[in-house]
Amino acid sequence: QVQLVESGGNLVQPGGSLRLSCTTSRINFNIYTMGWYRQAPGNLRDVVAQITPTGGTNYTDSAKGRFIVSRVNAKSTTYLEMTKLEPEDTAVYYCCADGPAWHPERYCGQGTQVTVSS
């Protein structure tokens, strides 16, 4: 059974930093584009950042300059380094694995809560 497990969510003050991790199992991690998404109460789930199997990255405008997505293929793990956090970043953060065109599977984790508040 494929598993994606997020960790690292916490309560942090505005301006603070957090590092989220997403560890996967039972997938060929190296062929999946890994994405971080977030969902605040009453909102749709939105993409935050993505990283391709070869390390190419994409960020939503609100994440540019503050967040960094990375991956360690040998550990089947992806990370989201978040800095300069704002109350508007409060949400449940999910990671998802999207397969290539010839293997179009998607798997997502259960999420980790990030709360930015003083």
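Is Arg106 buried, exposed or partly exposed? With a relative accessible area of 44%, Arg106 is partly exposed; buried here means under 20% relative accessible area, exposed means over 50%, and partly exposed is in between (1.4 Å probe, protein chains only). The model is predicted, so local features need pLDDT of at least 70 and side-chain atom pairs count only at pLDDT 80 or more, while totals for chains, interfaces and linings use all residues. Residues are numbered from 1 along each chain as its sequence is written, and side-chain values use heavy atoms, with hydrogens and water left out.

Side chains of opposite charge can pair when their charged atoms come close. Searching the whole structure turns up five salt bridges, each being a side-chain nitrogen of Lys or Arg within 4 Å of a carboxyl oxygen of Asp or Glu. One of them joins Arg106 to Asp98, at 2.7 Å from N to O.

Another pairs Glu81 with Arg19, whose closest N and O atoms are 3.6 Å apart. Glu81 sits in strand E8 (residues 77-82) and Arg19 in strand E3 (residues 18-25), so this pair ties together parts that are 62 residues apart in sequence. (Strands, labelled E, are DSSP runs of at least two residues, numbered from the N terminus.) Glu81 is partly exposed at 33%, and Arg19 is partly exposed too, at 46% relative accessibility.

Then there is Asp89, which meets Arg38 in a salt bridge of 2.9 Å, N to O. Asp89 is in the loop between E8 and strand E9 (91-98), and Arg38 is in strand E4 (residues 33-39), 51 residues apart. Both of these residues are buried. Salt bridges with shared partners also bring in Arg66, joining Arg38, Arg66 and Asp89 into one network.

Terms used: Helices (H or I, at least four residues) and strands (E, at least two) are DSSP runs, numbered from the N terminus.
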